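Colleague: I am new to this model and would like to go through it slowly. Could we look at it together first?

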Amino acid sequence: MLTLHRLCIHTMTTKPWPLREAIDGYVRAGVPGITVWRQHLEGVGLDEAAKMLRDSELRVVSLCRGGFFPGVTIAKRQFAIDDNKRAIDEARAIGAPLVVLVCGAVPHMPLAEARNQILHGISSIVDHAAQAQVKLAIEPLHPMYADTRSAVNTMEQANNMLAALQSPWVGITVDVYHVWWDPYLQNEIQRAGKSIFSFHVCDWRDPTRDLLNDRGLMGEGCINVPQIRKWIEDAGFDGPIEVEIFSDEHWAGDQAEYLEKIKVAYLKHS
Ligand code: ZN
C-alpha cells in the first residue's frame with residue numbers, strides 16, 4: 001500500500017502558485033517532494049529559490065525542463081546547448097539531482113534528423129552534467145507532440161539513445177501520459193532497468209478536450225497507473241512518484257483543495 005512518503009508534486013501541477021506558495025502549500029499538505037519548473041524560478045532569483053527550498057526541507061526531485069535541442073541553424077542548436085548547461089547549473093544550485101529533457105522537434109524537420117540533433121545535443125552537455133553531479137533524463141513524449149515538442153516518442157527510441165550515449169549520467173523519465181498506449185512498454189521498461197531515473201503520473205481523460213492542458217488526476221481516465229508502476233518497480237525503480245498534471249480545469253480551482261484531491265487520487269490510483 002502506498003503512503004505519502006514517495007509523493008512528489010510538480011510546480012506546474014499547481015501552476016497558479018508562485019514558488020513560495022507552492023513550497024508552503026506542499027509542506028502544509030504533508031507532501032515530501034517537489035519538482036521545480038524553470039518558469040517558477042523566474043522572478044524569484046536562483047539564490048533565493050535555493051534558500052527557500054533548503055529551508056523547507058522538501059526533497060527536490062528534479063528540475064523541469066531542459067531539452068529542445070533540434071534547430072534549423074547551428075546558432076539555434078548552440079543556443080539550446082548553452083541553455084541546457086544553464087539548466088544543469090540551476091539544478092545544482094537548488095539541490096535537484098536531475099534535469100528532465102523534453103528533447104524537442106521542429107516542424108518539417110525529418111524526425112530522424114531531429115533525433116540525430118538530439119543525440120548530438122545531449123552528448124554536448126553530458127560532461128557538464130557529470131561535473132555538476134546532475135543526471136539527465138530523456139522523457140519520451142506522446143507522438144501527438146512529434147511536431148514541435150519531441151522527436152523521441154517511445155521508450156524504445158529513448159533506450160536506443162541510451163545505448164548510443166553510454167553514459168551513467170543519462171537515463172529515462174517514464175511519464176504514464178506519454179507511454180501508456182505503447183504495446184512494447186513492458187519490454188522496454190525491462191530493457192531500461194536501472195536507467196529509469198524518474199516516474200511521472202497523471203491520467204488520460206476520455207474524452208480529452210485539449211491535447212496539452214486537459215490531463216486528469218489519477219483515476220479520472222483510462223491509464224492503468226498501478227500496472228505501469230509495478231513494471232518500473234520490477235525493473236528496479238524505487239524513487240519518488242511525481243504528480244505532473246497540466247489542467248486548465250484544475251488550475252482554475254482552489255489549489256489547496258486540489259492538493260487534497262491529488263493526495264486521495266495518489267493513494268487510491270497510483
Ligand atoms: Zn512528464
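This is a predicted model: local features need pLDDT of at least 70, side-chain atom pairs count only at pLDDT 80 or more; totals for chains, interfaces and linings use all residues.

Colleague: Which residues coordinate the zinc ion?

Modeller: Donors are N, O and S atoms within 2.8 Å of the metal (3.2 Å for Na, K and Ca), and water is not among the atoms, so sites may look incomplete. At 2.0 to 2.2 Å, the zinc ion is coordinated by Glu139 (OE), Asp175 (OD), His200 (ND1) and Glu244 (OE).

Colleague: How many residues apart are Glu139 and Glu244?

Modeller: Helices (H or I, at least four residues) and strands (E, at least two) are DSSP runs, numbered from the N terminus. Glu139 sits in the loop between strand 5 (135-138) and helix 5 (155-165), and Glu244 in the loop between strand 8 (241-243) and helix 9 (248-251). The pair therefore links distant parts of the chain, being 105 residues apart.

Colleague: Which residue in strand 8 does His200 stand opposite?

Modeller: Two strands pair if DSSP finds at least two bridges between them. The 8 strands form a closed barrel that runs 1-2-3-4-5-6-7-8 with parallel pairing. Within it, strand 7 (residues 196-201) and strand 8 pair in the parallel sense over 2 bridges, and His200 stands opposite Glu242.

Colleague: Which exposed residues does the face of helix 2 turned away from its buried side carry?

Modeller: The buried residues of helix 2 (residues 46-56) are Ala49, Ala50, Met52, Leu53 and Ser56. They cover an arc of only 160° around the axis, which puts them on the same side of helix 2; the arc is that of the directions from the helix axis to the C-beta atoms. The face turned away from that buried side carries Asp47, Arg54 and Asp55.

Colleague: Which helices and strands do the buried residues of helix 2 pack against?

Modeller: Contact means heavy atoms within 4.5 Å. The buried residues of helix 2 pack against helix 1 (19-29), strand 2 (33-37), strand 3 (59-67) and helix 3 (74-94).

Notes
Residues are numbered from 1 along each chain as its sequence is written. Side-chain values use heavy atoms; hydrogens and water are left out. Buried means under 20% relative accessible area, exposed over 50%, partly exposed in between (1.4 Å probe, protein chains only).
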